Amino acid sequence: MYHAYSHYVIKNVELWTERGVISSVDLEVIDGHIHSVEKDLILTKGAHVINGNGWTLLPAGVDPQVHLRVPGQAEKETAGTGLLAALRGGIGAVLSMPNTKPTIDSIEVCEAAVLELEEAEHMTGVKAYLTGSITQALKGKSPAPYEELAKWGVKAFTDDGLGVVDDDLMRSAFKASALTGLPILQHAEFPGHGGVLAAGPMQEKLGIAPYPAAAEADMVARDINILRDYPKAHYHVLHVSAHETLELVSTAKKQALNVTCEVTPHHLWFSSDDIVDDRTSFKMNPPLRGVADRAALRHGLADGTIDFVATDHAPHEASAKGANFKTSAFGTTGLETSLRVLLTLVREGVLSPQRLVQVFSSKPAQFLGIDKDIGDISKGRPMAGVLVDRQSASIITEDDLYSLSKNSCFLGEKLDGKIQAVFLADRYYAF
Ligand SMILES: [Zn+2]
């Protein structure tokens, strides 16, 4: 599936980094490290040459919110299919969520996940990092063993899929964050609303309760208030969907609180107006909201209020997605299409190329503390890049999906970019 070259050169490629765009340059990689980045490089004998003319090279992506379903949910995703989907989307590292079977809330389960992941990581070159849960078995009752999990090497704590309702549990999570330096990732949702879709014609037509923005924003407001007592803690809001939430984050940032947040490609691309039939791929948590929310999310991503993009890749077998919105599980996949959504937003003028590199790669890499390995393309660094044909555009079909599950809300959407190859150290994965 890949070629390994101890010495290769990518010729005449457009290079995007967070420092800017170079229209044509040669890049030489020796033993997996970038040896030189220069115009008209004199080729030495023995180097494998890849013609990059007309194509763009940018740092491989980092996706900090992925439901890899490992361990224990092979009917939804396996380590092999999940990491292949990441690779095909130009993503070189992922952060896996702990709502697995069993929950990742102990070292034993971490070890079981690593056992399942090892071979797939080796085959794809994609690194998978783990999160530990905030509460044992995601029950919202008692705290997970934070210090043990941190010592083992989890990158963050989250009960993703469920909001942490109890104030005291949030306090113990923030204490652990201050102690370990790891962020607390909140799926901000006060339960009890019983809703599935944002208020609107489709929600009314289906006769289901609305999922109010306040369920999200109220929890974020509560969390930020508690955070004031723990100045060394790091609070991160997963998949922001509503402009109200963004305003809270923006205010907290201005007050120098340690708050970050992310947005998904589907919340950037769609609004609730795009849900015109009972296609259950559009049942996700949080739901798509109105065009004003989408505009606020796009603006917030461009101006830095939103720190980076994360897919919330949530694969489900066809039977779990059900026949209608009422019975379907929540979630859409997204690993294969994230970069293509962002490339389209660059062409549309929503993001600059530099900002794309930041939100797709360098910022999430810094967030996970892996930015020495991935997130930039410059002399002396390990190679982690993705080569794309930006001039190409196509309609997403199931052939574009490598996840075991096909519940992508992007099926049928026309997106820019053809991902031609991914480079991870000495490996060249050409598609
Ligand atoms: Zn979530």
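**Values set against their definitions**

Visitor: Why does alanine 425 count as partly exposed?

Guide: Alanine 425 has 16 C-beta neighbours inside 10 Å. A residue is buried with 20 or more other C-beta atoms within 10 Å of its own, exposed with 12 or fewer, and partly exposed in between, the C-beta atoms being placed from the backbone. The count of 16 falls in between, so alanine 425 is partly exposed. This is a predicted model, in which local features need pLDDT of at least 70 and side-chain atom pairs count only at pLDDT 80 or more, while totals for chains, interfaces and linings use all residues. Residues are numbered from 1 along each chain as its sequence is written.

Visitor: Where does alanine 425 lie, and what is its phi?

Guide: Alanine 425 is in the loop between strand 16 and strand 17. Its phi is near 55°, a positive value in a residue other than glycine. Strands here are DSSP runs of E with at least two residues, helices are runs of H or I with at least four, and both are numbered from the N terminus.

Visitor: Why does aspartate 40 count as exposed?

Guide: Aspartate 40 has 10 C-beta neighbours inside 10 Å, so it counts as exposed. Aspartate 40 sits in the loop between strand 4 and strand 5, and its phi, near 50°, is positive although the residue is not glycine.

Visitor: What makes glycine 54 exposed?

Guide: There are 12 other C-beta atoms within 10 Å of glycine 54, and the exposed class takes 12 or fewer, so glycine 54 belongs to it. Its place is the loop between strand 5 (48-51) and strand 6 (56-59).

Visitor: How do you know how confident the predictor is in the protein chain?

Guide: From pLDDT, the predictor's confidence in each residue, from 0 to 100. The protein chain averages 97, and 100% of the residues score at least 70. Confidence is lowest in helix 5 (residues 201-206), with a mean of 90, and highest in strand 14 (residues 308-309), at 99.

Visitor: How do you know whether the radius of gyration of the protein chain agrees with that of a compact globule?

Guide: The radius is taken over C-alpha atoms, and the globule rule is 2.2 Å times the number of residues to the power 0.38. For 431 residues the rule gives a value near 22 Å; the protein chain has 21 Å, which agrees. Of these residues, 55% count as buried.

Visitor: What divides the protein chain into domain 1 and domain 2?

Guide: The bounds come from an automatic or database domain assignment. Domain 1 is 3-57 + 381-403 + 413-430, and domain 2 is 60-368. Their centres, taken over C-alpha atoms, are 29 Å apart. Domain 1 gives 23 residues to the contact and domain 2 gives 28, where contact means that the C-beta atoms of two residues, placed from the backbone, lie within 7 Å. Strand 16 supplies the most to the side of domain 1 that touches domain 2, with six residues.

Visitor: In which sense do strand 3 and strand 4 (residues 33-38) pair, and over how many bridges?

Guide: They pair in the antiparallel sense over five bridges. One of the bridges joins valine 29 to isoleucine 34 in strand 4. Two residues lie between the strands of this hairpin, where aspartate 31 has a positive phi near 50°.

Conventions: Two strands pair if DSSP finds at least two bridges between them.
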